[in-house]
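Hi,

Here is the structure I promised to send over. Have a look at it first, and then read on for my notes.

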Amino acid sequence: MQITSLMPFLAAGILLIAALAVRFAGTNRILNIVDYARVTDIPALHRWAGNRLLLLPLVSAAIGLASLRHPALAIPLIIVLVMAVLGVVMWIAAGSGKFSRL
């Protein structure tokens, strides 16, 4: 078993903690990509963003299982995980506008 096959499982734990921290942040200003001066309902934004971030631990665990079965795919799958993280961050940045006042 290679260490690169276990990295997605470690990432899944870290991403789960981050997603839950955002989900239950309340009125704390935890997201860097959001202009909180324009947000009308901060707790709703955090619930919405946290729910999107909860997809990442699932993706990471699936990638971990796939890389355990096929160790040769571990590195390309880690790149897929990085792309998924960037995609979700862009999704949150683009979607946070619906919680902003005009």
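W48 and F99 are both buried, where buried means under 20% relative accessible area, exposed means over 50%, and partly exposed is in between (1.4 Å probe, protein chains only). Before you go further: this is a predicted model, so local features need pLDDT of at least 70 and side-chain atom pairs count only at pLDDT 80 or more, while totals for chains, interfaces and linings use all residues. Residues are numbered from 1 along each chain as its sequence is written, and side-chain values use heavy atoms, with hydrogens and water left out.

Back to those two rings. A search of the whole structure turns up one aromatic pair, and W48 and F99 form it: their ring centres are 5.7 Å apart and their planes sit at 55°, so the pair is tilted. (Rings of Phe, Tyr and Trp, the last by its six-membered ring, pair if their centres lie within 6.5 Å; planes under 30 degrees apart count as stacked, over 60 as edge-to-face and the rest as tilted.) The pair links distant parts of the chain, with W48 in helix α2 (residues 42-53) and F99 in the segment after α4 (74-95), 51 residues apart.

S96 also lies in the segment after α4. S96 counts as buried because its relative accessible area is 8%. Leaving aside neighbours within four places in sequence, S96 is in contact (heavy atoms within 4.5 Å) with V34, L45 and W48.

On the overall layout, the chain has four helices and zero strands; helices (H or I, at least four residues) and strands (E, at least two) are DSSP runs, numbered from the N terminus. The C-alpha trace spans about 50 × 20 × 15 Å along its principal axes. Of the 102 residues in the chain, 34% are buried. Among contacts with a separation of 6 or more, 70% come from residues 24 or more positions apart.

Now α4. Its 22 residues should span 32 Å at 1.5 Å a residue, and the end C-alpha atoms are 31 Å apart, which agrees; the expected span is 1.5 Å times one less than the number of residues. Which residues of α4 are buried? They are A74, L77, I78, L81, V88, I92 and G95. These cover an arc of only 120° around the axis, which puts them on the same side of α4, the arc being that of the directions from the helix axis to the C-beta atoms. They pack against α1, α2 and α3. The face of α4 turned away from the buried side carries the exposed residues I79, M83, M90 and A94.

T4, in helix α1 (residues 3-23), counts as buried at 18% relative accessibility. Apart from neighbours within four places in sequence, T4 is in contact with S67, A74, I75 and I78.

A25 is in the loop between α1 and α2 and is buried too, with a relative accessible area of 10%. Beyond neighbours within four places in sequence, A25 is in contact with I30 and H46. A25 and L45 are 20 residues apart in sequence and 9.8 Å apart in space, C-alpha to C-alpha.

Last, confidence. The mean pLDDT (the predictor's confidence in each residue, from 0 to 100) of the chain is 91, and 98% of its residues reach 70 or more.

Cheers
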